[in-house]
Amino acid sequence: MSSAQLLAEKKQEILKSWFQATVDTYPADTARFLKSQKDPFANPVGQTTYQSLDSLVDALTTGAGRDVMAAALDPILRIRAVQTFTPSKATGFVFSLKQIIRQHLPGDGRDAGVDMNGLDRQIDEMAMAAFDIYVACREKIFELKATESRKQFFGSLKRAGLIDETEADGPGF
Amino acid sequence: MADELIKPDELLSQIDHRPSGAGWMDTPLDIRKGMYCYASNPKSVATLGLPYARPWNPLEEDWKLPENWQEIIYEGFRERLEKFRSFKVFMDICVRCGACADKCHFFIGTGDPKNMPVLRAELLRSVYRNDFTTAGKILGRLGGARPMTLDVLKEWWYYLFQCTECRRCSVFCPYGIDTAEITIMGRELLNLLGLNIDWIATPVANCYRTGNHLGIQPHAFKDMLDFFVDEIEEVTGIKVDPPYMQKDADILFITPSGDVFADPGTYTCMGYMLLFHYLKEKYDLNITWSTYASEGGNFGFFTSHETMKRLNSKMYAEAKRLGVKWILGGECGHMWRVITQYMDTMNGPADFLEEPVNPITGTTFENAKSTKMVHIAEFTADLIKHGKLELDPGRNDNQIVTFHDSCNPARGMGLLDEPRYVLENVVNHFYEMPAGTIREQTFCCGSGAGLNAGENMELRMAGGFPRANAVKHVHDNFGVNMLACVCAIDRAAFPASMEYWVPEVDVTGLHELVANALIMPGEKERETDLRGEPLPGMEE
């Protein structure tokens with residue numbers, strides 16, 4: 001059995017553990033809600049998190065590469081970037097996957113003939129992509145903080161000719 | 001080899017991975033940047049004559065409170081329990097069933113249990129039990145009571161300004177507890193100590209002094225509308241002529257000042273102007289603007305009932321001075337809760353006004369019999385229903401629209417079908433968001449009740465996520481590219497929320513779409529919409 005097949009076979013167990021570990025980064029009352037409510041509109045954080053992790057396990061199994069992993073990481077990190085996590089807590093769930101995979105494979109993966117080295121490299125790649133996305137989200141938040149009122153008010157005032165600015169418009173305008 | 005790598009557990013050993021698991025009373029307050037708004041500017045507090053104007057910083061240990069602050073809170077609490085029967089009932093009857101717990105957009109988005117409405121209310125109830133109930137005095141902590149301490153006060157401030165008073169939780173409460181009113185009372189108590197946020201205090205001071213939240217002086221207000229006149233002429237070839245403070249006009253129109261100055265509300269404002277011009281030309285209906293009653297919104301609502309009353313009074317005063325028959329209100333959110341639920345009690349009865357009747361259709365707006373103020377979506381829906389507006393919805397064919405029920409018009413006055421009826425007549429592509437996220441169960445934009453500041457962007461984005469998530473669904477499935485709403489705060493808040501969560505979706509007011517579709521008598525062939533974007537088939 002190939003590594004991919006074995007991982008695919010264990011996917012649901014791995015996903016379940018990984019989801020549990022990820023929602024456990026929230027307070028206990030919140031974690032219960034994130035796990036139990038299945039309606040994606042009543043519980044968008046829990047369901048988006050689950051979908052992201054699901055896609056990430058698939059990407060790992062198939063060796064789909066960084067772009068596919070990044071696309072799957074974006075929704076979960078977009079959420080975690082605006083919650084009160086430190087950067088390491090926001091992205092740390094990726095690293096927990098290494099341990100979780102080992103727990104679910106015989107002999108930490110070695111006995112099953114899985115290329116753990118390769119998997120670890122992929123998870124490292126995933127972590128780096130996660131960090132990039134997290135930072136991009138934070139930069140977007142700061143950009144919104146810096147430009148929101150300018151876009152709202154200066155735009156209309158300027159069109160109305162009620163303010164006079166120099167030729168060079170400011171950034172983000 | 002894999003086993004030579006550092007184990008994930010070792011990597012994470014320095015990280016406090018799981019929260020402590022302590023009960024809510026024992027979870028210490030952690031005031032985080034991005035989740036709170038700046039403290040009120042003392043000048044604004046002083047302008048309003050509110051107590052304890054002073055500079056203070058939520059991140060500092062010392063909030064510079066008056067020495068007897070506990071006594072002030074106790075007396076304020078006692079006074080309000082006596083004055084407002086609903087407050088007393090809401091303090092007593094909650095059985096902590098948890099029906100509201102997971103309904104709050106801030107809890108769903110932030111994941112912070114203290115944003116569960118039941119817990120947010122419990123912040124006050126615990127003190128209520130301790131100070132005002134026998135059981136609480138005897139049982140203490142066992143009975144869910146705790147004394148008012150500095151930490152508790154700070155917790156109040158932090159979480160009562162993480163509530164947009166949207167009342168979604170109340171829809172699910174089997175007892176009908178209006179948790180927003182608990183927040184309102186809590187904020188009133190905080191204001192007794194000068195603990196407001198500046199995004200509320202300064203607009204309120206502006207409104208009190210100048211007449212609107214933005215502090216726009218009358219000439220600037222008119223300058224802006226004059227500019228819209230030019231813009232409208234460019235798009236339609238029609239020169240509209242909005243009257244100001246016209247005595248004996250039929251109707252006084254009042255809208256949030258955000259519509260006059262903040263994009264994209266400005267396009268909605270142009271929409272009102274086109275509609276009023278149309279009604280003047282076709283039916284000789286006189287609708288006047290006022291630079292005195294130049295604010296529909298009322299951030300006093302987020303400060304104290306006395307402040308709300310003061311700001312609200314100018315609406316009636318101006319209507320009386322001008323001798324109009326009734327008031328037409330623009331697309332605003334909390335303005336409609338103030339009008340529908342509080343205005344009549346505070347500043348009524350407006351017996352000098354008439355029960356609103358649409359003179360063009362003969363429709364009596366019975367729901368506004370007492371307040372004498374009609375929502376423009378209802379007014380326009382009535383005009384369309386009676387075939388009084390000539391419309392070409394094809395002009396909006398580039399817009400694939402969904403509708404966000406703004407919290408206060410939806411839950412505060414039951415305005416659910418009228419905006420949809422208007423939309424269905426002015427656009428050809430309209431898709432609803434999923435059932436649990438619209439109408440009376442609508443999710444808040446995440447920035448209402450004075451929380452639309454910049455410094456709390458993380459809070460706004462987290463709180464706005466449940467709504468944005470539903471928008472994303474209709475964007476992904478139906479190609480929705482425009483989010484319509486009937487609230488100025490929505491129009492101010494959603495552009496940032498969409499940019500973060502669903503960047504392909506833009507934001508509009510209802511009457512911008514109405515005006516795009518409205519065929520004005522004598523208009524030139526329109527090539528663009530009000531934003532200057534080419535109409536369908538008019539692209540280069």
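Student: What covers the buried residues of α19(B)?

Tutor: The cover includes α17 (376-385), β5 (401-403), β6 (482-485) and α22 (510-517) of chain B. Helices here (H or I, at least four residues) and strands (E, at least two) are DSSP runs, numbered from the N terminus. Contact is when two C-beta atoms, placed from the backbone, lie within 7 Å.

Student: And how many residues of α19 in chain B are buried?

Tutor: Seven of the ten in helix α19 (residues 417-426) of chain B, so that helix is mostly covered. Buried takes 20 or more other C-beta atoms within 10 Å of a residue's own, exposed takes 12 or fewer, and partly exposed is in between, with C-beta atoms placed from the backbone. The buried set is Glu418(B), Pro419(B), Arg420(B), Val422(B), Leu423(B), Asn425(B) and Val426(B).

Student: Before I go on, what kind of model is this, and how is it numbered?

Tutor: This is a predicted model: local features need pLDDT of at least 70, side-chain atom pairs count only at pLDDT 80 or more, and totals for chains, interfaces and linings use all residues. Residues are numbered from 1 along each chain as its sequence is written, while chains are lettered from A and ligands numbered from 1 in the order in which they are written.

Student: What's the average pLDDT for chain B?

Tutor: Chain B averages 94, and 96% of the residues score at least 70. pLDDT is the predictor's confidence in each residue, from 0 to 100. For the complex, the predictor gives an ipTM of 0.93 and a pTM of 0.94.

Student: OK, sheets. What order do β5, β6 and β7 of chain B come in?

Tutor: The order is β5-β6-β7 (chain B), an open sheet of three strands with parallel pairing. Two strands pair if DSSP finds at least two bridges between them. β5 and β7 (506-509) of chain B are the edges; each has a single partner strand, so one side of each lacks a neighbour in the sheet. On average, neighbouring strands are turned by 35 degrees against each other, direction ignored.

Student: How many bridges between β6(B) and β7(B)?

Tutor: Four, in the parallel sense. Leu483(B) has Val507(B) as its bridge partner in β7(B).

Student: Which strands does α22(B) lie across?

Tutor: β6 and β7 of chain B, and α22(B) runs at about 80 degrees to β7(B). For these angles, axes are lines fitted to C-alpha atoms, for helices over the stretch in contact, and the angles run from 0 to 180 degrees between N-to-C directions.

Student: What about the sheet with four strands?

Tutor: That one is open and parallel too, in the order β2-β1-β3-β4 (chain B). Its edge strands, β2 (287-288) and β4 (373-375) of chain B, each pair on one side only. β1(B) pairs with β2(B) over two bridges, and four bridges join β1(B) to β3(B). Ile251(B) stands opposite Ile287(B) in β2(B) and opposite Trp326(B) in β3(B).

Student: Switching topic: where are the domains in chain B?

Tutor: Domain 1 is 23-196 and domain 2 is 203-517; those bounds come from an automatic or database domain assignment. The C-alpha centres of domain 1 and domain 2 of chain B lie 30 Å apart. Contacts involve 26 residues of domain 1 of chain B and 30 residues of domain 2 of chain B. On the domain 1 side, α5(B) gives the most, with five residues.

Student: And how many residues go into the contact between chains A and B?

Tutor: Chain B puts in 45 residues and chain A 43 residues. The largest share of chain B's side, eight residues, comes from α20(B). That side of chain B divides into 25 nonpolar, ten polar and ten charged. Here Ala, Val, Leu, Ile, Met, Phe, Trp, Tyr, Cys and Pro count as nonpolar, Asp, Glu, Lys and Arg as charged, and the others, Gly among them, as polar.

Student: Last one: is Glu122(B) buried or exposed?

Tutor: Glu122(B) is buried, because 21 other C-beta atoms lie within 10 Å. Glu122(B) is found in helix α6 (residues 117-132) of chain B.
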